[in-house]
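Subject: Handover of a structure

Dear colleague,

Please find below the structure that I am handing over to you.

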Amino acid sequence: MKNLLKTFGILILSLFVIVSCSRDDDPADNDFFAGTYNGSISYVDGSNNINTADGKVFVTKIASGTKYNFKFSNGIPDLNGIEFQQTGDNTLVSVGSTGTSYIKIDNNDLDILYTKDGKTWTANCTR
């Protein structure tokens, strides 16, 4: 019985994650969000320059509901704990950053230009 309940719990959690990560989900509308965006990404840090047209950015919304993590492919360092506020119906704008930033995210598009400590991240991706 104990194993049955454990298996049932895992099944329900898996179903929740699959449903909540739908391509139609808008990060501005959900308390929990996880999605992968595909497209052009780049990173520049002094002599280190990574640029690819077929990169990926895995976006997760942290439990606080206003902070996001951006996990880049191709060895690009992640951006974590970026705070946003909602402007309009489906647009999120980054706030409170110590770097220069423009990050726009919605259910279809992710655009990033983020500069901090001489490092620059960019993304022009879609889902």
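Which residues does T52 touch, not counting residues up to four places away in sequence? They are G39, S40, I41 and N74, where a contact means heavy atoms within 4.5 Å.

Before the remaining findings, a note on their basis. This is a predicted model, in which local features need pLDDT of at least 70 and side-chain atom pairs count only at pLDDT 80 or more, while totals for chains, interfaces and linings use all residues. Residues are numbered from 1 along each chain as its sequence is written, and side-chain values use heavy atoms, with hydrogens and water left out.

The chain contains one helix and eight strands, arranged along the sequence as α-β-β-β-β-β-β-β-β. Helices (H or I, at least four residues) and strands (E, at least two) are DSSP runs, numbered from the N terminus. Of the 127 residues, 32% count as buried, that is, under 20% relative accessible area with a 1.4 Å probe, protein chains only. Among contacts between residues at least 6 apart in sequence, 41% join residues at least 24 apart.

To return to T52, this residue lies in strand β2. T52 counts as buried because its relative accessibility is 12%. Its side chain makes a polar contact with the side chain of D54 (2.6 Å); such a contact is a pair of N or O atoms within 3.5 Å, and within protein one must be able to donate a hydrogen and the other to accept it, while residues adjacent in sequence count only if both atoms are side-chain atoms.

Eight bridges join β8 to β1 in the antiparallel sense, and G39 stands opposite C125 of β8. β7 and β8 are also antiparallel, over eight bridges, with L110 opposite C125. These two strands, β7 and β8, form a hairpin with two residues between them, and D117 in the turn has a positive phi of about 55°.

Leaving out residues up to four places away in sequence, F70 has among its contacts V57, V59, I103, L110 and I112.

Yours sincerely

Conventions. Buried means under 20% relative accessible area, exposed over 50%, partly exposed in between (1.4 Å probe, protein chains only). Two strands pair if DSSP finds at least two bridges between them.
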